Amino acid sequence: MAGDSLSVTDNRTGRTYEIPIADGAIRAIELRQIRVDDEDFGLMSYDPAFLNTAAVRSAITFIDGQRGILRYQGYPIEQLAEQSTYLETAYLLLFGELPAREELDGWVDEITHHTFVHENVKRLMEAFRYDAHPMGMLISAVASLSTFYPEAVLVDEPDNRLLQAKRMIAKVPTLAAWAYRHSRGLPYVYPDNDLGFTGNFLSMMFRMAEPRYTPDPVLERALEVLFVLHADHEQNCSANAMRSIGSSRVDPYSALAGAAAALYGPLHGGANEEVLKMLAEIGDVRNVPAYVERVKAGELRLMGFGHRVYKNYDPRARIIKETADAVFDVTGRNPLLDVAFELEKIALEDEYFVSRKLYPNVDFYSGLIYQALGLPVAMFPVMFAIPRTAGWLAQWLEGVDDPEQKIARPRQLYIGPDERDYVPVEKRTAGDLVAV
Ligand code: CMC
């Protein structure tokens, strides 16, 4: 075999195999031919948490974690954050190209006219306790949408897929805002289709008795930037969940509810909530050194720091830091900002963080902005889920149309007991509890 291959010698048998290399990868299935005898299943690769396994070929998002680069369909995130809008970016992620003027206008118009949800969704919201976490409400409400749109199961029909995608991009902000209104005991605000995507969201969140809510243009734009930055991030935990659940050909509402559930965890989109709790716990810049010592002692993690892929400053964190200044000019400075600055300064100089390449990630500053907007910390992961909806859908659409994909089904290395006979309960002796 020519240059682009890997020669592997199995020292158990002395046999050598030639495995092709394409795009810097070997196909794991090629390892299966490596067997000691005919009974042998064949060699597998073991990769807990997918540390070195590419499961998809994707054209959506590019990340170079060493150099701190993020691009959607080739466009640098810095340019999109400065010049694009969330809906234009969503179009780019889903269709692969920036829209021409008439395409963009048509797209915005369609999304705007899908923002309303069935009235029964209100009753669903009302069923939650007053202190229900809004992310739990959002996940449930998204899942419930599959029951309002039963045709969504027809995932093999491209037009139908696209219709559901538009519905989700349009309706998730409505569900998110209603989850917030429920937790405040406030009446739900219907979408205002004369406002832009983020302006309408602010209206559904904060409108009170005024006949028409006028969003502050600075806050509206800041939200656009945050939404652009959060729109996609290639094969992260929740995108992987979206693709994996979608690979069973289930409807996209159910898959998206699963993806949102993955995002909810404190190591993923729940981290921005944890950052604010951490900053509040530290409380004062004078307490920062002692807190950093506790982190270094392994007692706790510095939330909003570190990333599986970025081993450099997360480019999104840099832009969010700049956006924060514009927001604070309108809302007033968040007093916890000084604690965050001090924490970043100390961490970036400390050998523990430097040697492990731990830098601020997207979640480190976003929560401070959300708090300045008047949002409770429980809403932070929801604020992440709204824009990530576009990314999940782009990943899902690419996945369901990929002829190489099948139902996601990893292998395992079985480490349990060998075959043994069933013992009737009367003949068993009590032992130590074993976790199952
Ligand atoms: N604080 C202190 N130490 C850390 C941190 C942190 N935030 N993150 C990693 N480390 C240490 C870790 O203890 C380990 O040290 P050692 O080699 O001595 O055992 C080393 O750095 C490598 O850590 P890891 O757990 O192997 O890294 P990972 O790639 O599995 O984890 C991560 C990535 C994001 C889960 C992790 O950095 C973390 O828990 N960060 C805090 C949570 C957070 O901010 N998450 C948001 C991620 S960005 C947005 C998103 O994806 O949703």
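Start by selecting β3, β4 and β5, which form an open sheet of three strands in the order β3-β4-β5, with antiparallel pairing. The edge strands are β3 and β5 (75–76), each of which pairs on one side only. Strands here are DSSP runs of E with at least two residues, helices are runs of H or I with at least four, and both are numbered from the N terminus. Two strands count as paired if DSSP finds at least two bridges between them.

This is a predicted model, in which local features need pLDDT of at least 70 and side-chain atom pairs count only at pLDDT 80 or more, while totals for chains, interfaces and linings use all residues. Residues are numbered from 1 along each chain as its sequence is written, and side-chain values use heavy atoms, with hydrogens and water left out.

Select T61, whose bridge partner in β4 is Y72. Then select D64, which has I69 as its bridge partner in β4. Four residues lie between the strands of this hairpin, and there G68 takes a positive phi near 70 degrees.

**The β1–β2 hairpin**

Next, select β1 (residues 5–10) and β2, an antiparallel pair joined by six bridges. L6 stands opposite I19 in β2. This hairpin has four residues between its strands, and G14 takes a positive phi near 80 degrees.

**The loop between β2 and β3**

I26 belongs to the loop between β2 and β3. With a relative accessible area of 32%, I26 is partly exposed; buried means under 20%, exposed over 50%, and partly exposed in between (1.4 Å probe, protein chains only).

Now select D23, in the loop between β2 (15–20) and β3 (61–64). D23 is not a glycine, yet has a positive phi of about 55 degrees. Its relative accessibility is 64%, so D23 counts as exposed.

F50 is found in the loop between β2 and β3. F50, also not a glycine, has a positive phi of about 50 degrees, and at 45% relative accessibility it counts as partly exposed.

**Helix α16**

Move to α16 (residues 363–372), which is largely enclosed by the rest of the structure because eight of its ten residues are buried. Those buried residues are D363, F364, Y365, S366, G367, L368, I369 and Y370. Their cover includes α8 (217–229), α11 (271–282), α13 (315–331), α14 (336–349) and α17. Just after α16, G374 takes a positive phi of about 95 degrees.

**The largest nonpolar core**

Finish with I169 and M278, which touch the most other members of the largest nonpolar core, a set of 117 residues. Helix α17 (residues 380–400) contributes the largest share of this core, 13 residues. A nonpolar core is a set of buried Ala, Val, Leu, Ile, Met, Phe, Trp, Tyr and Cys residues joined through side-chain atoms within 4.5 Å.

Around M278, select Y291, R301, L302, M303, L343 and F364, which it touches, not counting residues up to four places away in sequence. Contact means heavy atoms within 4.5 Å.
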